[in-house]
Amino acid sequence: MGKRVTIVGGGVIGLCCAYYLQKKGHEVLVIDKGDITKGTSFGNAGYVSPSHFIPLASPGIVSKGLRWMLSSSSPFYIKPRLDADLIRWGFTFWKNANEKTMHRNIPHLHNLLQLSRELMTEITNDIGNHFRMAEVGCFMLYKSAATEKHELALSKQAARLGLQTRIFNASQVQEMEPELEVNVRGGVLYPADCHLHPGDFMRTLKLQLESAGVRFQLGTQVDKFEKNGRRINTVITANGKFDCDELVLATGCWLPIITKQLGIYILMQAGKGYSLTYQNMKKNLHYPAILVDDRVAMTPMGKDLRMGGTMEISGINNRVLLKRAEAIFRASKNYYPDLAVEFPEKERIWSGLRPLSPDGLPYIGRADNYSNLTIAGGHAMLGLSLAAGTGKLVEEIINSTKTSVDISSFAVDRFG
Ligand SMILES: Cc1cc2nc3c(=O)[nH]c(=O)nc-3n(C[C@H](O)[C@H](O)[C@H](O)COP(=O)(O)OP(=O)(O)OC[C@H]3O[C@@H](n4cnc5c(N)ncnc54)[C@H](O)[C@@H]3O)c2cc1C
């Protein structure tokens, strides 16, 4: 007998949870404060990338971040402010950004990335590829010798995890991109990565869920809950009350705000990023690529091209800092000199908020103090890459079956 499962949050994580829960016969309701058309899960770079097995909290990232903060056009920025949550998050991030913790976390992130990558193929076969998914891999491109050394070391680490890589010099990269000049020293291709149009993926998935009977309550912010001991019985909103047997919170960077209502303290910061999208390119890239020296992601999506990047930790807002968006654009021209694109008007620059945990791993699991609450959030720059696996894990948690991968490292209360 299916349970009534309410999912708060209709981003890619919430929708993938809905997908797997509905498949198991549960009665699913998705509630979102927005209209699910343009948030973080829509304008991102569209990578589903097992190649990203290094968690954000890694050695050297703090000192690099501090150096970057001195430049207004660098790929990283923290707005200095006296905020207890930010200070605690920053301290915990710094404590986790070391070799030992990173090596402990890599296999867990890798397992979830692998699971998600496999499931993305299954989901695509099930709902149809209406979102331009292309399984051609992803390039890590570099210009400097130091970055090359770093990327070659990473490719060896990838091989130890069983990931295939192919190393290219400048002219070999150029051969792979016949339409555009590529100005690089070389690159590493991760053939197992794939990419898609994230907005089209979200729209296709939502249509599929609706036709399978999942209900959507949009424009509805969840503020409160009715509880009975360790059970949450009802979700309260300005548009009515919704009873549930199981509750899933998948509210992206708003997770700490909603869990606070339930007495659960989650460490999270929003990491803003931008993307610029160009339609109907006459000459386009054949391969997605991360321009590693500049931390910019380039993604061909059929005839369209998207470029994205930057990480601004400046709270929950959608203010656009032009200098940082310009830096993304400049980097694209620097690597692909004859790319026919112009810097867009400010209104056309998309921004989204990555939900950042302080160790680079998501929060997936039951919250200790409740018997029917599951949390799924904090996927940082990997939400699309980890969504399918997260959805499957949430279904397994709710059905009390053995999880596909060990979830102990994703524990909601791991920071106390
Ligand atoms: C520039 C950029 C590029 C990126 N590129 C990639 C990439 O290539 N690959 C990748 O894997 N990831 C990428 N990411 C990260 C990815 O986009 C995110 O990790 C992912 O979208 C997070 O999904 P989510 O469902 O957790 O959150 P969201 O998409 O933010 O969804 C959360 C939802 O919860 C709703 N909500 C919040 N609070 C409430 C409430 N109280 N009541 C009701 N509803 C509520 C919100 O309205 C929102 O719709 C990128 C991010 C950025 C910014």
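Author: Before we start, one definition: Ala, Val, Leu, Ile, Met, Phe, Trp, Tyr, Cys and Pro count as nonpolar, Asp, Glu, Lys and Arg as charged, and the others, Gly among them, as polar. Also, this is a predicted model.

Reader: Okay. How do the residues of the shell around the ligand divide into nonpolar, polar and charged?

Author: There are 16 nonpolar residues, 16 polar ones and 3 charged ones in that shell.

Reader: Which residues come nearest to the ligand?

Author: There are 35 residues around the ligand. Those that come nearest are D32, S41, Y47, A380 and S385.

Reader: Let's take D32. How far is its polar side-chain atom from an oxygen atom of the ligand?

Author: The distance is 2.7 Å. That atom belongs to the side chain of D32.

Reader: And what about the backbone of L384?

Author: A backbone N or O atom of L384 sits 2.9 Å from a ligand oxygen atom. L382 also has a polar backbone atom, 3.5 Å from an oxygen atom of the ligand.

Reader: How much of the ligand's accessible area does the protein cover?

Author: The protein covers 94% of it. On its own, the ligand has 1000 Å² of accessible area.

Reader: Which helices and strands each supply at least two residues of the shell?

Author: Two helices do, α1 (12-23) and α10 (383-398). Two strands do as well, β14 (269-278) and β18 (350-356).

Reader: Which one gives the largest share?

Author: That is β18, with 4 residues.

Reader: Back to α10. Is it mostly buried or exposed?

Author: Mostly buried: 16 of the 16 residues in α10 are.

Reader: Where is the kink in α10 centred?

Author: On G389. The kink is about 30 degrees.

Reader: What follows α10?

Author: S400 follows α10, and the phi of S400 is positive, near 50 degrees.

Reader: New topic. How many disulfides does a search of the whole structure find?

Author: It finds 0.

Reader: Are C16 and C244 buried or exposed?

Author: C16 is buried, at 1% relative accessible area. C244 is buried too, at 3% relative accessibility. The cut-off for buried is under 20%.

Technical notes
Residues numbered from 1 in each chain as written. Predicted model: local features only at pLDDT ≥ 70, side-chain atom pairs only at ≥ 80, totals over all residues. Heavy atoms only, no water. Near = heavy atom within 4 Å. Polar contact = N/O pair within 3.5 Å; in protein donor to acceptor, adjacent residues only side chain to side chain. Areas by Shrake-Rupley, 256 points an atom, 1.4 Å probe, with all protein chains shown as cover. Disulfide = S-S within 2.5 Å. Buried < 20%, exposed > 50% of the residue type's maximum accessible area, 1.4 Å probe, protein only. Bend = angle between axes of the 7 residues up to and from the residue.
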